[in-house]
Amino acid sequence: MIGFHIMTLFPDMVLNGLQTSIIGRGIERGYVEVEAVNIRDYAFNKHHKVDDYPYGGGAGMLMQAEPIYQCYQAILQRIREKGQDKPVRCIYLTPQGTVFRQEMARSLAKEEELILLCGHYEGVDERVLEEIVTDHISIGDYVLTGGELAAMVVVDAVARLVPGVLNNDASGETESFQENLLEYPQYSRPEVWHDKKVPEILLSGHHENVEKWRYEQSLIRTRERRPDLLVKNEQNN
Ligand code: 6GU
């Protein structure tokens, strides 16, 4: 069981996305808990204002520290009331973070509770980040309008590693030789489609040859599409 607590200005976006997926089934079956908490509910001012102008000038607005801090404290208190007394990691989704990789998903999947913070506007007041954030994560080198899509990516990648979430009894991780290699091509019925035949070896029933062929295909594909991964694979083997 893992619990995700997502601080956001768009809770419906996050919940709709995650409930409509395999992760949604994991939630129904009790392997995963997802809560989206609206930061605006913790803006205890007249108009539930959560943003303001940046000191020093510049384009756009910043998310203010206090609503985020109050939201965080409320979540943490609920976690503590459940009897959880371990430190809880708090992930800030930001293009300035470490680029998310499978290895990080693996590390996060070991936690029982995770808090995620989705930024918006031009950013977040640095002081609250200093107080609550333990991990800065980006999902890639491009810019999104907010952290919600990134949070959904992280929750999906982490939750599928939690035992019970995937239907098959194989783990969410592929066999060790495929570390840092792309998947081999796969085929299903019919045997011929648009004049294209399924590779003979897959019909042979010779398990060892099939494995060897798949490994070679993985290498070829990785060399072609992601040579950067091949370098990492050689470093690790
Ligand atoms: Cl985590 N947030 C935003 N706003 N943009 C991103 C990102 C995150 N990761 C890549 N681009």
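**A ligand and its surroundings in a predicted model**

A polar side-chain atom of Ser138 sits 3.3 Å from a nitrogen atom of the ligand, a polar contact being a pair of N or O atoms within 3.5 Å (within protein, one must be able to donate a hydrogen and the other to accept it, and residues adjacent in sequence count only if both atoms are side-chain atoms). The model is a predicted one, so local features need pLDDT of at least 70 and side-chain atom pairs count only at pLDDT 80 or more, while totals for chains, interfaces and linings use all residues. Residues are numbered from 1 along each chain as its sequence is written, and side-chain values use heavy atoms, with hydrogens and water left out.

For Ile139, a backbone N or O atom is 3.1 Å from a nitrogen atom of the ligand. Leu144 likewise has a polar backbone atom 3.1 Å from a ligand nitrogen. On its own the ligand exposes 290 Å², and the protein buries 96% of that; accessible areas here come from the Shrake-Rupley method with a 1.4 Å probe.

Who else is around? The shell, meaning residues with a heavy atom within 4 Å of the ligand, includes Leu93, Thr94, Pro95, Ile137, Gly140, Tyr142, Gly146 and Ala150. Sorted by class, it holds seven nonpolar, four polar and no charged residues, where Ala, Val, Leu, Ile, Met, Phe, Trp, Tyr, Cys and Pro count as nonpolar, Asp, Glu, Lys and Arg as charged, and the others, Gly among them, as polar. Two strands, β5 (89-99) and β7 (135-138), each supply at least two shell residues. The most come from β5, which gives three. Strands (E, at least two residues) and helices (H or I, at least four) are DSSP runs, numbered from the N terminus.

Arg189 and Pro190 are joined by a cis peptide bond, with omega about 5°, and Pro190 belongs to the loop between α6 (148-159) and β8 (192-193). His48, found in the loop between β2 (32-38) and β3 (51-52), has a positive phi near 50° although this residue is not glycine.
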